[in-house]
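Hi,

Here is the structure I promised to pass on.

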Amino acid sequence: MITRRAAAQLIASAAAVAAMGTAGAARAANQVLKVGVNLSLTGADAHSAKLILDGAQLAFDEANKSNAVPGYTFEVVSFDDATATAGQYDPVQAATNARKMVSDKQMIAAIGPQMSGSGKAMAPILSQGDLATITPASTNPDITDPKFAQQYRPAGKPIYFRTVTTDAFQGPNMANFLADKLHVKTVYILDDSGAYGVGMADAFQRQAEKDGIKVLGRDRLDPKAADYTAVLTKIKSLHPDALYYGGVGQAGVKLAKQAYDIIPNVIKAGGDGMDTPEMLTAAGFPAAEGWYVTIASPHLTDSTKAENFVKAFKAKFGEAPDDYAITAYDAGLVIINAVKRLVAEHKPVNHSTVREAIQNSQTPTIQGVVAFDQNGDIKDRTVSVFQIRKDPSKPLDDMEAQFHYVGVAPSA
Amino acid sequence: MTFSDLLLQQAINGLSLGAMYALLALGFTLVYGILELINFAHFNVFMIGSFIAMGTLQSFGLSGQDVILTGLPLVGVLVAAFAATMLGSGVLGMAIERLSLRPLRNVSGPAAMITTIGVSYILFNIVLLTLGADSKNFPNPLPPMRWHLGGAVVELRQLLIWAVAVVLMGGLWLFVQRSKLGKAMRATAQDPEAARMMGVEVDRVILTAFFLGSALAGAGGMIFGLYYNFTSFIIGFTAGLRAFTAAVLGGIGNVPGAMIGGILIGLIESYGGQFIAASWADVIIFSILVAVLVFRPSGLLGRLAPTKS
């Protein structure tokens with residue numbers, strides 16, 4: 001039996017050994033540079049978060065292995081912005097994480113967040129701390145819009161960079177797609193009350209009206225509620241050609257299930273929030289069948305440019321990456337490249353210098369050369385459209401097999 | 001769809017929702033009637049009920065919506081799943097009472113209520129941490145049968161919800177009115193001290209109330225899964241809060257009141273979604289709650305038992 005005193009001694013000696021160990025390692029090894037990755041790792045969007053985290057991790061692992069920046073080792077520190085009470089991302093938690101990041105001097109840049117609602121909470125804090133983040137997934141345009149600079153970058157300099165384009169293109173381009181390619185004349189619009197969903201639906205609505213699509217109505221879903229039959233019955237009575245949903249999976253999956261029962265013949269479309277494996281695992285077929293979704297990046301997982309990445313990703317993590325795993329990997333490459341240039345020019349590596357170097361990035365990545373405009377948005381503005389169609393010959397929960405690439409959405 | 005079809009369809013939607021709220025509201029009311037305790041753990045007993053139901057259905061080899069059963073196998077599977085779910089949830093309810101509430105029986109003030117909030121969060125987080133945060137695809141063996149009433153549609157699963165709700169609520173009503181234990185429950189609700197002096201085992205009555213309320217919540221959880229074809233660790237809060245509102249609306253502590261309150265909340269939610277906006281559902285529901293509490297503090301039907309001093 002271990003007495004309390006013996007246990008205390010054990011713990012103390014273990015701590016001493018551990019401390020010696022780390023001290024020894026630090027002397028011998030490279031200087032560690034931390035990169036904070038903030039995602040919704042436990043929420044309703046946990047699976048897409050995992051793919052993004054793995055994509056980013058792979059970039060830094062490869063850099064460490066090939067000693068891309070001599071004298072420096074990258075360390076990925078993951079932060080979860082989902083909370084149990086929200087069941088998905090929680091802006092309050094995201095703000096807390098951002099505060100932790102800026103107070104850590106070893107942390108030279110960040111990747112994320114996944115969710116625009118988190119991004120809105122994090123941006124002002126990151127701005128004050130002059131810490132750059134590159135989001136591979138959050139697409140709400142307000143955060144980088146100079147109109148809202150006071151709010152999201154109070155310190156002046158852009159700190160919110162993206163390796164995806166924004167909903168200012170994602171929503172409208174889908175409206176164009178519905179009007180031009182599917183000849184939609186009337187639409188009903190829903191959103192999920194979140195920053196991303198509302199912004200997406202707003203942007204879609206503006207362009208749809210310009211395209212001559214008649215908007216029959218607009219309503220808002222409570223993502224924690226279970227029952228959307230009332231609003232869907234109302235939509236049924238209006239006979240729209242299409243339903244557009246701006247939002248993420250928590251409400252989206254339930255919407256897909258119930259919409260299949262009530263309005264099976266209406267065209268259904270959503271943004272990258274619906275580009276989620278949950279459409280296959282939780283909504284499933286036949287409910288998911290026919291949904292059109294967009295992503296705010298070029299479609300790359302099938303392309304030859306991503307071949308090596310996909311192979312390495314599958315080998316390491318045992319599942320296929322999605323396109324935002326690639327944009328996350330690209331975000332990692334941008335950060336590594338920025339540090340590399342600073343080191344080559346014998347400049348200090350800190351929050352401000354890395355931010356500056358990212359701003360001037362011309363980094364070759366999987367999706368092409370990543371460069372940012374004066375607000376931090378990526379210069380390439382491709383929006384890709386997918387349709388979910390059941391392919392019974394392949395696993396039904398495999399996104400790569402069941403989300404079929406339709407093409408690039410027409411830009412405005 | 002004509003306007004009258006639309007009204008009918010929303011009534012069908014609302015009644016289905018309402019039946020679920022009513023089953024859940026009964027649990028609040030049973031416990032409140034006896035202990036004057038608002039049991040917030042009830043929210044997540046409902047949630048866990050849906051997971052027990054999912055596990056039971058999966059143990060019959062059902063997954064997703066691929067396997068459709070008909071006839072006797074369907075009835076057998078459903079009866080077995082309802083029985084397992086109600087038993088499991090009922091036992092969970094009893095365990096909550098025995099482990100976390102009985103030790104506080106004689107502590108005055110809000111200690112017991114706060115404890116139920118704590119238990120609720122414990123259950124919630126256990127499910128979150130062990131089963132994950134993603135929505136689960138709930139197995140549904142019901143054939144996709146539907147009938148047209150003019151322009152409105154009634155589905156088999158809606159009929160099932162109503163049937164189950166009517167049977168369970170009828171059974172509860174008979175139990176409370178006719179059985180010896182039911183009479184003991186009513187006696188305890190009226191005056192626990194007097195009931196004890198007359199030889200009623202109050203602890204047993206309380207355990208029974210927790211068992212029954214939780215079993216009904218479990219049945220509600222299973223209905224939820226069959227109706228929406230999904231479940232998730234988070235479903236307890238919204239449904240639980242609305243069911244709690246239903247119980248208060250009908251008159252908390254009052255069994256028929258909980259049923260009527262549940263149906264009303266369901267109808268308010270669906271007609272509100274039609275004529276105002278779905279996003280205003282909570283505003284409408286809770287405004288009605290406030291109005292009822294202001295003008296009829298004891299709810300629509302009031303409390304049957306006199307308030308304890």
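**What I found**

H12 of chain A is mostly covered, with 18 of its 22 residues buried. "Buried" here is a neighbour count: 20 or more other C-beta atoms within 10 Å of a residue's own, while 12 or fewer makes it exposed and anything in between partly exposed, with C-beta atoms placed from the backbone. The helix runs over residues 323-344 and reaches 31 Å from its first C-alpha to its last, close to the 32 Å expected at 1.5 Å a residue. That expected span is 1.5 Å times one less than the number of residues. Just after H12(A), His346(A) takes a positive phi of about 55°.

Before you go further, some housekeeping. This is a predicted model, in which local features need pLDDT of at least 70 and side-chain atom pairs count only at pLDDT 80 or more, though totals for chains, interfaces and linings use all residues. Residues are numbered from 1 along each chain as its sequence is written, and chains are lettered from A and ligands numbered from 1 in the order in which they are written. Helices (H or I, at least four residues) and strands (E, at least two) are DSSP runs, numbered from the N terminus.

**The two chains**

Chain A has 14 helices and 14 strands. Its radius of gyration is 22 Å, close to the 22 Å that the globule rule gives for 412 residues, so chain A is as compact as a globular protein of that length. (The radius is taken over C-alpha atoms, and the rule is 2.2 Å times the number of residues to the power 0.38.) Along the principal axes, the C-alpha trace of chain A spans about 70 × 60 × 45 Å. Of its 412 residues, 57% count as buried. Among chain A contacts with a separation of 6 or more, 76% are between residues 24 or more positions apart; a contact means that two C-beta atoms, placed from the backbone, lie within 7 Å.

Chain B has eleven helices and four strands. The radius of gyration of chain B is 19 Å, close to the 19 Å given by the globule rule for 309 residues, so this chain too is as compact as a globular protein of its length. Its C-alpha atoms fill a box of roughly 60 × 45 × 40 Å along the principal axes. In chain B, 50% of the 309 residues count as buried, and residues 24 or more positions apart account for 80% of the contacts with a separation of 6 or more.

**Where they meet**

On the interface, 31 residues of chain A are in contact with 35 residues of chain B. On the chain A side, the elements giving two or more residues are H2 (46-65), E7 (214-220), H8 (229-238), H9 (249-262) and H10 (278-283). The largest share, seven residues, comes from H8(A). By class, the chain A side divides into eleven nonpolar, ten polar and ten charged residues. (Ala, Val, Leu, Ile, Met, Phe, Trp, Tyr, Cys and Pro count as nonpolar, Asp, Glu, Lys and Arg as charged, and the others, Gly among them, as polar.)

**Inside chain B**

The axes of H5(B) (residues 156-178) and H6(B) (residues 180-190) come within 5 Å and cross at roughly 75°. These two helices are therefore roughly perpendicular to each other. Axes are lines fitted to C-alpha atoms, for helices over the stretch in contact, with angles from 0 to 180 degrees between N-to-C directions; under 35 degrees counts as roughly parallel, over 145 as roughly antiparallel, 65 to 115 as roughly perpendicular and the rest as oblique. The contact is made by Phe175(B), Val176(B), Gln177(B) and Arg178(B) of H5(B) with Gly182(B), Met185(B) and Arg186(B) of H6(B).

Gly240(B) sits in H9(B) (residues 235-250) and counts as buried, with 26 C-beta neighbours inside 10 Å. Leaving out residues up to four places away in sequence, Gly240(B) touches Leu24(B), His42(B), Phe43(B) and Phe46(B).

Chain A has a cis peptide bond from Gly112(A) to Pro113(A), with omega near -5°, and another joining Phe285(A) and Pro286(A), with omega about 5°.

Cheers
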